[in-house]
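Please read it alongside the sequence and the model.

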Amino acid sequence: MAARAEFVAAARARGMIDACTDEEGLAALAAEGPIPAYIGFDATADSLHVGSLLQIMLLRLLQKHGHKPIVLMGGGTTKVGDPSGRDESRRLLTDEEIDRNIAGIRRIFDRFLRFGDGPTDAVMANNADWLDRLAYIPFLREIGRHFSVNRMLTFDSVKLRLEREQPLSFLEFNYMVLQSYDFLELARRYGCRLQMGGSDQWGNIVSGVDLNRRIDNRTVFGLTTPLITTASGAKMGKTAAGAVWLNAERLKPYDYWQFWRNTEDADVGRFLRLFTDLPLAEIARLERLEGAEINEAKKVLANEATALCHGKAAAEEAAETARRTFEEGGIGQALPTVDIPRAELAAGLPVYLAYVRAGLAASNGEARRMIKGGGGRANDAVVADENRRLTLADVNAEGVIKLSAGRKRHALLRPV
């Protein structure tokens with residue numbers, strides 16, 4: 001286990017820190033003993049996606065340096081909805097939906113963190129445990145009086161919504177008060193001294209730091225991670241096919257591996273530092289690779305990131321599937337597979353529709369444009385006619401039809 005005092009320096013060296021309320025003070029606290037620190041995750045879906053991965057890796061780094069991660073599930077705040085970075089309100093979920101989502105998210109954290117009862121073991125808390133029991137008037141008197149509406153209106157999560165003339169409900173306006181109260185509760189229940197989160201949470205985090213000082217005269221700290229964009233300026237984790245989910249039920253490990261393999265050249269070193277456990281010296285070596293050799297660094301990134309999220313066996317299977325698919329022109333077992341009723345193929349399935357069914361195109365129009373542009377292949381042969389129909393005669397010796405969109409995206413159709 002790395003030395004506790006090195007946590008802040010290690011996070012800084014890997015590019016994980018955007019801002020900190022008192023970096024020197026936090027580093028000094030880290031040298032004294034295990035710091036309980038938390039990051040909150042709202043349960044809006046049954047999986048997190050790559051946009052949350054930096055926060056997960058920061059908790060992992062925290063634990064590797066001898067500190068205690070607290071994963072705070074927003075069972076209560078999910079009922080309100082975080083307005084940060086959004087132009088419209090989220091759909092309100094039922095208690096049952098939120099509970100199912102938390103169960104799905106827990107499986108992700110089991111792969112990245114060690115949970116238990118020890119001083120540096122991770123714990124998962126749920127803010128519904130205290131928020132659901134709040135008495136409204138006493139809460140306003142005890143907590144609400146410490147918040148200035150004038151100041152709240154200056155925070156980005158509120159200001160941007162108002163500047164765009166998008167409605168901000170009174171329910172959502174309460175979010176930062178509740179998140180600040182979470183920090184106070186976690187400090188009281190677990191001795192939590194640090195809240196971490198994305199840069200868009202800075203205002204909420206600073207409010208929590210201030211609330212702890214005002215009510216309990218407690219010194220706590222806040223730290224944010226940078227907004228991650230690709231070298232070309234795109235938002236991290238967004239692809240043409242949609243979000244890059246961390247649960248295998250949402251996104252197959254092979255597709256997850258391919259996401260990292262397709263990283264832009266200029267991002268490889270940065271993503272290795274942020275999203276793998278590789279030593280910095282090894283990352284520096286990989287970062288120096290040029291030309292075609294940079295592809296080897298991308299494979300390392302894909303292997304390491306996939307092994308963390310889905311296990312070593314899944315990463316190795318994905319890498320072997322990619323090797324067979326790209327280097328040998330074969331069919332790997334881990335390629336996404338979609339079952340198609342045999343009767344549909346017997347009648348003839350329009351090839352553009354097959355691309356949509358296989359998840360290789362978002363719409364019929366997109367599939368048609370790709371085929372017209374020469375980017376569609378069936379069983380490695382170019383599809384020349386967008387109106388071509390796939391039939392049982394197209395099923396190959398392996399019992400499937402291999403569809404390709406461009407050079408890097410593939411799927412299998414299996415008649416059933």
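## Helix packing and loop residues

Val268, Phe271, Leu272 and Phe275 of α13 meet Ile294, Ala297, Lys298, Val300, Leu301, Ala305 and Leu308 of α15, where contact means heavy atoms within 4.5 Å. By class, the residues of this contact of α13 with α15 comprise 10 nonpolar, no polar and 1 charged; Ala, Val, Leu, Ile, Met, Phe, Trp, Tyr, Cys and Pro count as nonpolar, Asp, Glu, Lys and Arg as charged, and the others, Gly among them, as polar. This is a predicted model, in which local features need pLDDT of at least 70 and side-chain atom pairs count only at pLDDT 80 or more, while totals for chains, interfaces and linings use all residues. Residues are numbered from 1 along each chain as its sequence is written, and side-chain values use heavy atoms, with hydrogens and water left out. Helices (H or I, at least four residues) and strands (E, at least two) are DSSP runs, numbered from the N terminus.

The two helix pairs are set out below, with axes taken as lines fitted to C-alpha atoms, for helices over the stretch in contact, and with angles running from 0 to 180 degrees between N-to-C directions.

| Helix pair | Angle | Axis separation |
|---|---|---|
| α13 (residues 268–275) and α15 (residues 294–310) | about 20 degrees | 10 Å |
| α3 and α4 (residues 95–112) | about 45 degrees | 10 Å |

With its angle of about 20 degrees, α13 is roughly parallel to α15, whereas the angle of about 45 degrees between α3 and α4 makes α3 oblique to α4; angles under 35 degrees count as roughly parallel, over 145 as roughly antiparallel, 65 to 115 as roughly perpendicular and the rest as oblique. The crossing of α13 with α15 is left-handed and that of α3 with α4 is right-handed, a crossing being left-handed if the near helix is turned anticlockwise from the far one by less than a right angle, and right-handed if clockwise. On the α3 side, Leu53, Ile56, Met57, Leu59 and Arg60 make the contact, and on the α4 side Ile108, Phe109, Arg111 and Phe112. The residues of the contact of α3 with α4 divide into 7 nonpolar, no polar and 2 charged.

Helix α13 is mostly covered, with 6 of its 8 residues buried, where buried means under 20% relative accessible area, exposed over 50% and partly exposed in between (1.4 Å probe, protein chains only). These buried residues are Val268, Gly269, Phe271, Leu272, Leu274 and Phe275, and they pack against α3, α12 (253–261), α14 (280–287) and α15.

Among the loop residues, Asp42 is found between β2 (36–41) and α3 (53–64). Asp42 counts as buried because its relative accessible area is 18%, and its side chain makes a polar contact of 2.8 Å with the side chain of Thr77. A polar contact is a pair of N or O atoms within 3.5 Å; within protein, one must be able to donate a hydrogen and the other to accept it, and residues adjacent in sequence count only if both atoms are side-chain atoms.

Arg388, in the loop between β12 (381–382) and β13 (389–390), is partly exposed, with a relative accessible area of 27%. Leaving aside residues up to four places away in sequence, Arg388 touches Leu349, Pro350, Val351, Ala378, Val383 and Asp394, and the side chains of Arg388 and Asp394 are joined by a polar contact of 2.5 Å.

Asn217 lies in the loop between α11 (202–216) and β6 (221–225) and is exposed, with a relative accessible area of 68%.
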